[in-house]
Amino acid sequence: MLTGRCLCGAITYEVTGKPQGPSACHCGQCRRQSGNVWASAYVPKAQIAISGPVKWYASSDKARRGFCPDCGSVLFWDPLDEDLTSFSLGSLDAPTGLRIGKHIFVAEKGDYYEITGDVPQVP
Ligand SMILES: [Zn+2]
């Protein structure tokens, strides 16, 4: 089981299932909210237990983004029509045992960095 928390510790969570699809997202929304690339993995909603005062922001009519109202940690991405919740890899307690398997939304990546390495890139 993996555990994670926000920077101040007000929000904690437990992941009971095997995390799927560890990825680094370069989309404009993730970069703007997190400050740069947002790395996450996901599990079915029933396999993550979240405690604390998560603030949910409706970033579109398809998904909401969860963050800590006290310290601002960007923790969750939660689509409304899919049975999954994504959680940030950076908020996990080590060791995670995970590896980022792909870069996504690279067509929207910022112009201030290059993506290096041989991890697959998806436009
Ligand atoms: Zn916090």
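Residues are numbered from 1 along each chain as its sequence is written, and side-chain values use heavy atoms, with hydrogens and water left out. As the model is predicted, local features need pLDDT of at least 70 and side-chain atom pairs count only at pLDDT 80 or more, while totals for chains, interfaces and linings use all residues.

Reader: Which atoms coordinate the zinc ion?

Author: Donors are N, O and S atoms within 2.8 Å of the metal (3.2 Å for Na, K and Ca); water is not among the atoms, so sites may look incomplete. At the zinc ion the distances are 2.3 to 2.4 Å, and the donors are C6 (SG), C8 (SG), C68 (SG) and C71 (SG).

Reader: What is the geometry of the site of the zinc ion?

Author: Four donors count as tetrahedral if all angles lie between 85 and 135 degrees. The angles among the four donor atoms of the zinc ion are 106 to 114°, and the site is tetrahedral.

Reader: How many residues apart are C8 and C68?

Author: The donor residues of the zinc ion follow the spacing C-x1-C-x59-C-x2-C. C8 lies in the loop between β1 and β2 (12-15), and C68 in the loop between β7 (63-67) and β8 (74-79); the pair links distant parts of the chain, 60 residues apart. Strands are DSSP runs of E with at least two residues, numbered from the N terminus.

Reader: Is C68 buried or exposed?

Author: Buried means under 20% relative accessible area, exposed over 50%, and partly exposed in between (1.4 Å probe, protein chains only). C8 has a value of 42% and is partly exposed. For C68 the relative accessible area is 1%, so this residue is buried.

Reader: Why is the ring pair of Y13 and F87 classed as tilted?

Author: Rings of Phe, Tyr and Trp (its six-membered ring) pair if their centres lie within 6.5 Å; planes under 30 degrees apart count as stacked, over 60 as edge-to-face and the rest as tilted. The structure holds four aromatic pairs. In the pair of Y13 and F87 the ring centres are 5.8 Å apart, and the pair is tilted because the planes stand at 50°.

Reader: Which residues form one aromatic cluster?

Author: Y13 belongs to strand β2 and F87 to strand β9, so their pair ties together parts that are 74 residues apart in sequence. Y13 is buried at 2% relative accessibility, and F87 is buried at 0%. The cluster is formed by Y13, W56, F76 and F87.

Reader: How many disulfides does a search of the whole structure find?

Author: A disulfide is a pair of cysteine sulfur atoms within 2.5 Å. The cysteine sulfur closest to that of C30 is in C25, 3.8 Å away, which is too far for a bond. The number of disulfides found is zero.

Reader: What is the phi of F105?

Author: Most residues other than glycine have a negative phi. F105 is in the segment after β10 and is partly exposed, at 41% relative accessible area. Phi of F105 is positive, near 55°.

Technical notes:
Helices (H or I, at least four residues) and strands (E, at least two) are DSSP runs, numbered from the N terminus. Four donors count as tetrahedral if all angles lie between 85 and 135 degrees; four count as square planar and six as octahedral if opposite donors are over 155 degrees apart and all others between 65 and 115; anything else is irregular.
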